[in-house]
Amino acid sequence: MPDFFTFINDVLWGSVMIYLLFGAGCWFTWRTGFVQFRYIRQVGKSLKNSISPQPGGLTSFQSLCTSLAARIGSGNMAGVALAITAGGPGAVFWMWVAAIIGMATSFAECALAQLYKERDRHGQFRGGPAWYMARGLGMRWMGVLFAIFLLIAYGLVFNSVQANSVSRALKFAFDFPPIATGIVMAIAALLVIVRGIKGVAQMMQWFVPVMALMWVVTSLVVCLINIDQLPDILISIIKSAFGWQEAAGGVAGYTLSQAITSGFQRSMFSNEAGMGSTPNAAAAAASWPPHPAAQGIVQMIGIFIDTLVVCSATAMLVLLAGNGTTYAPMEGIQLVQKAMTVLVGDWGAAFVAVIVILFAFSSIVVNYIYAENNLYFLNLDNKRTIWILRIATCSTVVVGTLLSFPLLWQLADIIMACMAITNLTAILLLSPVVHTLASDYLRQRKLGIRPVFDPLRYPDIEQQLAPDAWDDIPRD
């Protein structure tokens, strides 16, 4: 069975996903007028005055922190270590490339999620890829397929990966039994997820900045202590990214392929650009200014923070400790712990264990929220089904601590590819709408007015929207 999963993984990521991700990112970069470079300065304006609660939805800041909670997980630590082990230092470069390109893809999917959002019976905004597949494309069957993929991924598989990394970290640092780790995490997660999307968002708006700063600041201090080694590490990243280090040995093609594949895989698992998960958080926001593109711009900054800041912090530590080769026999999070131990002493392993607990816990909680959101699309949002999902989620947290590390990542990569293929197909088909939203936002910015989305300007789009999603938008 592991050989079968390896074969499927190689087929999907060896060709299909790399070209699709790269192609979609380049396409949306062009169609949106290089959004990740031109609009990034608008992030502050989009977040300003969005801290106070908005009727019917989360604030832009809460939405950003909620999506970051899912993004910043074990993939930012164990995943980065795995990428370096599999693809060498060059994988870090391709993680950066995937992130920069992915910012445009994230803008597209999150702007679409805002556009096609609708209110549930409690007045809360709901939306995501399943909604824009049903409303924007008129393909509800496609939305159902995506919702099922997401339920499997975020309700089950990804939580197992998070729990597995935590159990390994605690085992390495404190010799804590994996099964006990799983049980404690499952109970803690259950106590939080019962609060619903608003309760989780209110918690994550302070929890996420604190945990991210703890890791980034610590990594920055360690890098400054070893600043004399940083130039050589950056050179090794660039050389390895293009196979220059291995060219003399005649294996440049293989190494370059491994670096690109590993970099794109781990970047996507970490920042989730194009996978269709973040739009579930983006749609829940009452965007400010009241324009779909504004939420797309806000969510772009999540890609930057996740990969170019948090993942880079992890990569620098691993490379400083041994260029990713000294501890290759170790797996994932234990490699990061060993690197920290080498760099700062025995307390490093315990510190990494604490950080990965925070990262993984926040991811598990928001992963469940994403899964529950899609129960609403499937019209399965009754108490019985929701509790079945909660129990299943908590159960996979426990089971994940006992499963094989490589098997879990293979399963995660396969279901991630299934989600991404479905979502990227949808947003590529909807790229004319993305272009319209980006152009409309930029037009109003150039006029010096606050961007407001007026559906009446676009009759073809207006008839696809939920009746009450944009009716009460102020147009002063």
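Guide: In helix 17, the buried residues are Thr385, Ile386, Leu389, Arg390, Thr393, Cys394, Thr396, Val397, Val398 and Gly400. Buried means under 20% relative accessible area, exposed over 50%, and partly exposed in between (1.4 Å probe, protein chains only). The model is predicted, so local features need pLDDT of at least 70 and side-chain atom pairs count only at pLDDT 80 or more, while totals for chains, interfaces and linings use all residues. Residues are numbered from 1 along each chain as its sequence is written, and side-chain values use heavy atoms, with hydrogens and water left out.

Visitor: What span should helix 17 have, and how far apart are its end C-alpha atoms?

Guide: Helix 17 covers residues 383-400, and its 18 residues at 1.5 Å a residue should span 26 Å; the end C-alpha atoms are 26 Å apart, which agrees. The expected span is 1.5 Å times one less than the number of residues. Helices (H or I, at least four residues) are DSSP runs, numbered from the N terminus.

Visitor: Turning to the rings, how many aromatic pairs are there?

Guide: The count is 10 aromatic pairs. Rings of Phe, Tyr and Trp (its six-membered ring) pair if their centres lie within 6.5 Å; planes under 30 degrees apart count as stacked, over 60 as edge-to-face and the rest as tilted. Tyrosine 154 and phenylalanine 158 are edge-to-face, because their ring centres are 4.9 Å apart and their planes stand at 75 degrees.

Visitor: Where do tyrosine 154 and phenylalanine 158 lie?

Guide: Both belong to helix 8 (residues 140-174), 4 residues apart, about one turn of the helix. Tyrosine 154 and phenylalanine 158 are both buried. Ring pairs also link Tyr154, Phe158 and Tyr370 into a cluster.

Visitor: What about phenylalanine 453 and tryptophan 470?

Guide: Phenylalanine 453 and tryptophan 470 form an edge-to-face pair, at 5.4 Å centre to centre and 70 degrees between the planes. This pair links distant parts of the chain, 17 residues apart: phenylalanine 453 is in the loop between helix 19 (431-446) and helix 20 (459-462), and tryptophan 470 is in the segment after helix 20.

Visitor: Are those two buried or exposed?

Guide: Phenylalanine 453 counts as buried because its relative accessibility is 1%. Tryptophan 470 is buried too, with a relative accessible area of 3%.

Visitor: Which residue lies over the face of phenylalanine 125?

Guide: Lysine 117 does, at 4.0 Å from the ring centre. A charge sits over a ring if NZ of Lys or CZ of Arg is within 6 Å of the ring centre and within 35 degrees of the ring normal. Arginine 126 lies over the face of tyrosine 376, at 3.8 Å from the ring centre.

Note on methods: Helices (H or I, at least four residues) and strands (E, at least two) are DSSP runs, numbered from the N terminus.
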